[in-house]
Amino acid sequence: MTDENKKNKNTKLFLHLKKWLEKAVLDYGMIEEGDRILIGVSGGADSLALLDLLDSPMLFIPKFSFIAVNIDMGFDQTYKTYEILEGYFQGNNYTYIMEKTDIGNLAHSDINKKNPCFLCSRLRRKRIFEIADAEGCNKIAFAHHRDDIIETLLINMFYGREISTMMPNQSIFGGKLHIIRPLVYLQEELIKKYSKERQFPILKNECPTSNTSKRIYIKKLLDGLEKDNKEIRDNIYKAMSHVKPDYLLPQKKK
Ligand code: SF4
């Protein structure tokens with residue numbers, strides 16, 4: 001963190017977000033002493049906030065090191081956004097890896113037009129796992145927040161016929177790697193507010209699907225429902241910790 005960066009970080013909002021980030025990390029045992037964490041940075045408000053918050057003096061979280069990793073999807077062939085993000089990483093003395101790929105275009109090619117998000121996330125994630133392995137990282141931090149967790153539950157129910165969502169701390173490859181989501185307690189609205197406050201160089205998402213995805217549909221649906229019931233997102237989030245298996249249909253045998 002640069003001295004300039006340190007100076008500007010002391011607002012009420014910063015302290016609030018950091019408090020809840022630390023609480024989530026502790027509640028779900030996300031970070032242990034000596035962890036090396038790959039932080040996925042797309043260049044959107046959420047991932048820049050995650051990077052910024054994890055790069056802060058922590059009260060309760062043990063010491064860890066991190067590397068910022070950006071997988072450029074190849075939507076912006078002029079690579080202007082790539083340069084902006086690289087300038088930000090360098091300006092803050094971050095250790096980083098940026099990789100130019102053609103994943104975005106591949107996911108939208110004629111053979112895969114129906115479901116670009118599936119292939120896109122799959123290829124991007126595969127590359128992130130490979131980089132984590134090569135860089136000796138035992139954790140991967142993603143910037144999914146509370147609203148993402150709620151929306152994913154509904155997406156999986158509406159389109160995937162299952163009741164599930166993204167986990168705050170998920171062990172993969174037999175425990176060799178963990179995916180952690182330190183923003184799990186934070187609302188998207190506050191993260192966006194923070195990214196304005198900190199004037200992050202938020203990159204425009206050039207993906208042609210970004211405004212028509214299932215996630216956007218669910219987001220709008222929830223916004224509509226919220227007009228009648230302000231608690232709707234909160235209720236859905238809390239319902240995930242109050243599951244009554246006895247009052248669901250019996251599991252089908254596989
Ligand atoms: S919205 Fe675009 S960038 Fe995001 S997962 Fe879907 S295809 Fe990929």
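The model is predicted: local features need pLDDT of at least 70, side-chain atom pairs count only at pLDDT 80 or more, and totals for chains, interfaces and linings use all residues. Residues are numbered from 1 along each chain as its sequence is written, and side-chain values use heavy atoms, with hydrogens and water left out.

Start at Lys9. Lys9 sits in the loop between helix H1 (3-7) and helix H2 (12-27). Helices (H or I, at least four residues) and strands (E, at least two) are DSSP runs, numbered from the N terminus. Lys9 has a relative accessible area of 6%, so Lys9 is buried. Buried means under 20% relative accessible area, exposed over 50%, and partly exposed in between (1.4 Å probe, protein chains only). What does the side chain of Lys9 contact? The side chain of Ser56 makes a polar contact of 2.8 Å with that of Lys9. A polar atom of the Lys9 side chain also lies 2.6 Å from the backbone oxygen of Asp52. A polar contact is a pair of N or O atoms within 3.5 Å; within protein, one must be able to donate a hydrogen and the other to accept it, and residues adjacent in sequence count only if both atoms are side-chain atoms.

Next comes the ligand. Around the ligand are His108, Cys117, Cys120, Arg124, Cys207 and Ser210. A residue is near a molecule if one of its heavy atoms lies within 4 Å of it. The shell holds 3 nonpolar, 2 polar and 1 charged residues. Here Cys counts as nonpolar and Arg as charged.

Helix H4 (residues 80-91) carries Phe89. Phe89 is buried because its relative accessibility is 0%. Phe89 and Ala132 are 43 residues apart along the chain, and their C-alpha atoms are separated by 18 Å.

Tyr79 lies in the loop between strand S2 (65-72) and H4. Phi of Tyr79 is near 60°, a positive value in a residue other than glycine. Tyr79 is at 18% relative accessibility and therefore counts as buried. Asn93 lies in the loop between H4 and strand S3 (96-100). Asn93 is not a glycine either, yet its phi is positive, about 55°. Asn93 is at 58% relative accessibility, so Asn93 counts as exposed.
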